[in-house]
Amino acid sequence: MDKVRRDGSRSLWTVLACVGFLVLTGNPAAEAGDVIRGTATYRERIALPPGAVLEVTLEDVSAAHAPAVVVARTLVTKLAGPPFAFELPYRASDIDAGDTYAVRAQLMVDGRAMFATAAAVPVLTHGAGREVELLLRRSPHGASRTASGPLGELPATFAGDLPCGDCEGLRTQLDLFADGSFFMRTISLGRDHGAVSDAIGTWTLSDDGSTLTLFGGERPDRFRVIDRSTLRKLDREGHEIASPLNYSLERTATFAALEPHLEMQGMFRYLADAGSFEECLTGRRFPVAQQGDNAALEQAYLAARREPGEPLLVSLVGHIASRPAMEGDAQVLAVVPERFLAVSPGESCETRTSVSALEGTRWVLTGVGDRPVVVAEGQREPFLVLDVDGERATGFGGCNRFMGSYSRDGLSLTFGVMASTMMACAEGEGTEHALLAALDKVASWRVLDHRLELLDGTGQVLARFESRDLE
């Protein structure tokens, strides 16, 4: 009997232990505080269709040359306008302090990714926290990249000689990749001995497939998609250029990949005698060739890292070229570091994406709602400045100076009551009233290169600005 009771008791404790294990593992939020919180937003002025879902994943990205492993996932189904707030529960027992983790997100529409993070954001280990701000870009999977799409089969090369204001022409080659990235080279003809300028970044198509936009330089470049063989350059505002000159790039018979040479920034990791570089503008991860200034890059990284495999932001001058893969006979694109510049612990691609910072920048008003702002000759331009102390906003509305408070929490932004001088003006009062009314409705913000947009709670643009020095 005693033996039976002892065995029975042992069985009961075994059952209770299993039940306890199921309770802890069945509820991702069971371990207090094990939640990653953040926001996700995108810069394009596009309304989400009904049924859009935000998917956020926590991934183990420790292996430099292996696919990431999903540790936790959450879905947000009730979406208004960006930014989208989310909470991502995870189990602390799944996290190894020696590994590297990152968060990615994508906006799903009808089972396809319409927007996705351009680069993963580190979290949890190696000094990273549990709060993130994610920038989403048009996903290469959200538009057709097949032969039936507006651009035809990719990758593809488009080339031609475009007009130039102070040279004989700009010989241009544009390589479009199926993952939504691009390489572009322009050569100035007739001067500077053929000066070469390379650019890389991401591309998107408008919803109707008629406009191609390249993001990577100080300002986006836009092209009209005439057909699968022809792209026509548009002006900076996306309008047709009325000119008899040639503004078209034609598809070449074969894909002839560029090897762009430029200054780059990206998240570098060195693990298991191999380096990887997640480039900021394209979001692509490249192996790093053990050539050129690679030794200096590795030494600076090893001196600055806190844990093995910790991703750190680095700057370098180099080129992207085809190199043999580590395994097999295939060729892969790799970063060849020609000159190491700097390592920046504590920073990431997200902190370097915007050329102009929200605070401390003089933002000149260019539009309120759908109405552009036109400044008369001799009139001061309206502007807004948010102090770097995070408390005071000042500016000029077109007639009077104003000042007040503001509050920012990530991508959320609100303004307090604005006090202004009481001048009467023949010009500018209408713009001023519209600007102050817009500031009262602001709920969020976004910066694209040198442009700022203030948005209301539904994601509609209330006011547009451009960073500009005093004139």
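Isoleucine 187 has its bridge partner in S12, at valine 196. This pair belongs to a predicted model. Strand S12 itself spans residues 196–205.

The next pairing takes S12 to strand S13, residues 211–215. Four bridges join these two strands, and they too run antiparallel. One link is between tryptophan 203 and leucine 214, with leucine 214 as the bridge partner in S13. Strand S13 pairs in turn with strand S14, residues 221–227. This pairing is antiparallel and has four bridges. Here threonine 211 has arginine 224 of S14 as its bridge partner. In general, the strands of a sheet pair through backbone hydrogen bonds, in a parallel or an antiparallel arrangement.

These pairings are part of a closed barrel. Eight strands form the barrel, in the order S9-S10-S11-S12-S13-S14-S15-S16, with antiparallel pairing. On average, neighbouring strands of this sheet are turned by 30° against each other, with direction ignored. Side chains in a regular strand alternate between the two faces of the sheet.

Strand S12 can also be described by its burial. Seven of its 10 residues are buried, so S12 is largely enclosed by the rest of the structure. Across the protein chain, buried residues make up 47% of the 471 residues.

The chain as a whole has four helices and 31 strands. Its contacts can be sorted by separation in sequence. Among contacts between residues at least 6 apart, 56% join residues at least 24 apart. The chain exposes about 23,200 Å². Carbon and sulfur atoms supply 53% of that area.

Most residues other than glycine have a negative phi, and most peptide bonds are trans. The bond between leucine 154 and proline 155 is cis, with omega at about 10°. Proline 155 sits in the loop between strand S8 (131–138) and strand S9 (156–162).

Two residues with positive phi lie in another loop. Leucine 124 is found between strand S7 (121–123) and S8. Its phi is near 75°, a positive value in a residue other than glycine. Histidine 126 is found in the loop between S7 and S8 as well. Its phi is positive too, at about 55°, although histidine 126 is not a glycine. Histidine 126 counts as buried because its relative accessibility is 8%, and the cut-off for burial is under 20%.

The chain averages a pLDDT of 80, and 82% of the residues score at least 70. Confidence is highest in strand S15, residues 230–233, at 96. Confidence is lowest in helix H1, residues 2–26, at a mean of 37. Over residues 1–32 the pLDDT is below 50. This stretch has 12 contacts in the model beyond near neighbours in sequence. A further stretch with pLDDT below 50 covers residues 140–148. That stretch has 24 contacts beyond near neighbours in sequence. Where pLDDT is low, the predicted coordinates should not be read in detail.

Technical notes: Residues numbered from 1 in each chain as written. Heavy atoms only, no water. Buried < 20%, exposed > 50% of the residue type's maximum accessible area, 1.4 Å probe, protein only. Contact = heavy atoms within 4.5 Å. Areas by Shrake-Rupley, 256 points an atom, 1.4 Å probe, with all protein chains shown as cover. Pairing = 2+ DSSP bridges. Axes fitted to C-alpha atoms, helices over the stretch in contact; angles between N-to-C directions. pLDDT = per-residue confidence, 0-100.
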